[in-house]
Amino acid sequence: MHLAYPAVLAVLLFCVGLYGVLARRNAILVLMAVELMLNAVNINLVAFDVWLRDTLHAGQALTLFTIAIAAAEIGIGLAIVLLVHRNRGSSDIDRLRDLRESDSPSGGDSGGGSRAEKSPASATDNDAESGSDQQVQGPAAGRRHA
Amino acid sequence: MNALAHSAATHAAADHHGFLSPSGVEIVFVLVGLVTLGAALATVTTKQLVHAALWLVVALGGVAVEYLLLTAEFIAWVQVLIYVGSVVVLILFGLMLTRAPIGRSPDADSGNRWAALAVSVAAAATLVTVVVDAFRATWIDLADPAGPGSGSSEVTGTALFRHWVLPFEALSVLLLAALVGAIVLSRRDGDRDLPPARTRAGER
């Protein structure tokens, strides 16, 4: 088999995943696209392992490690997404912009005020860590009390 | 006589190359690759979130078939078990728990999709050009002379537990850390009074 087939397939799969990461808005869809990119890397590893006939089978061992790391990554990532969804009421990554540098403070506050409306109700039952974290943010706390 | 010799030659070729002839392997590889790419494109472009997860199943299953064609059998079954079995189920759990809409959600794509399309097409063009130019005259010899294939579970297990034991153990520690981290992230300190069925520690 020509080596270009699996290599080109891996490249195209990686670029499809790249498009998904950049274009999707829901955080879980972004995680799916990340899985596609990891699979492209795995195809490359397996193809080069078969091509080089490595006696240590480094490609296949690394593929197994990548699969395990991807499983761990999807677990942690989904836990974070669920936590964000529980605290903010939304998992759209376009709307999670509390850390943004606001160039115009009035525009940023009017944009963020409606989003922060629903956070006080859910912020009361936060754990202590995220609560103290939100009190550190000065503008966010001011917005919430206003 | 001539036909007999011809059939014997093809039989020897089939013996040498296994189930499919080399060009047959290439054809099947390209076809499954097209299916995989189509499913991946549907995953990143569909408007329905649950359909995206189901197209992801097709894409990952296609990748598993590609592993089988590359004679990496153990990796293929691990791919089916881990990805199709657990990762997609986790993603479906995540979609349900974030109250994903069942029907079409028009805001699945953000506003910068054209920029994303331009970036990914440019990356694809560059990488395909480079890769095809680099591996123009490179061939994989999939036919194995004797013994188990290079990707059978015996060979993979020997390599994994003889040469890669230390990374393997480190990876088990990482999995444990991920497990503990997911539990810590998912539990809520505020509702200890709720019954345990309501807590979300079992999501992981």
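This passage describes the two chains of a predicted model, the interface between them, and a few residues that illustrate it. Because the model is predicted, local features are reported only at pLDDT of at least 70 and side-chain atom pairs only at pLDDT 80 or more, whereas totals for chains, interfaces and linings use all residues. Residues are numbered from 1 along each chain as its sequence is written, chains are lettered from A in the order in which they are written, and side-chain values use heavy atoms, with hydrogens and water left out.

In chain A the secondary structure consists of seven helices and zero strands, where helices (H or I, at least four residues) and strands (E, at least two) are DSSP runs numbered from the N terminus. Of its 146 residues, 51% count as buried, a term that stands for under 20% relative accessible area, with exposed over 50% and partly exposed in between (1.4 Å probe, protein chains only). Chain A exposes about 6400 Å², of which carbon and sulfur atoms supply 60%; accessible areas come from the Shrake-Rupley method with a 1.4 Å probe, and for residues only the protein chains shown count as cover. Among the contacts in chain A (heavy atoms within 4.5 Å) between residues at least 6 apart in sequence, 60% join residues at least 24 apart.

An example from chain A is A27(A), which lies in helix α2 (residues 27-52) and is buried, with a relative accessible area of 11%. When residues up to four places away in sequence are not counted, A27(A) touches V81(A), S91(A) and I93(A). Although A27(A) and G77(A) are 50 residues apart in sequence, their C-alpha atoms are 9.1 Å apart in space.

Chain B likewise comes to seven helices and zero strands, and 34% of its 204 residues count as buried. Of the contacts in chain B with a separation of 6 or more, 65% are accounted for by residues 24 or more positions apart.

Between them, chain B and chain A bury about 7200 Å², 74% of it on carbon and sulfur atoms; buried area here is the accessible area (1.4 Å probe) that two parts lose on being put together, summed over both. The contact takes 90 residues from chain B and 68 residues from chain A. Across this interface one salt bridge is found, the term denoting a side-chain nitrogen of Lys or Arg within 4 Å of a carboxyl oxygen of Asp or Glu. The salt bridge joins the side chains of D109(B) and R24(A), at 3.0 Å from N to O.

D109(B) is placed in the loop between α4 and α5 of chain B and counts as buried, at 8% relative accessibility. Apart from its neighbours within four places in sequence, D109(B) is in contact with residues of both chains, namely A23(A), R24(A), R25(A), V44(B) and K47(B).

On the surface, Y5(A), I27(B), V30(B), L31(B) and L34(B) form a nonpolar patch with about 460 Å² of accessible area together. Patches are made of residues with over 30% relative accessible area and no salt bridge, like charges being joined within 9 Å and nonpolar side chains (Val, Leu, Ile, Met, Phe, Trp, Tyr) within 5 Å. Helix α2 (residues 22-45) of chain B gives the most to this patch, with four residues.
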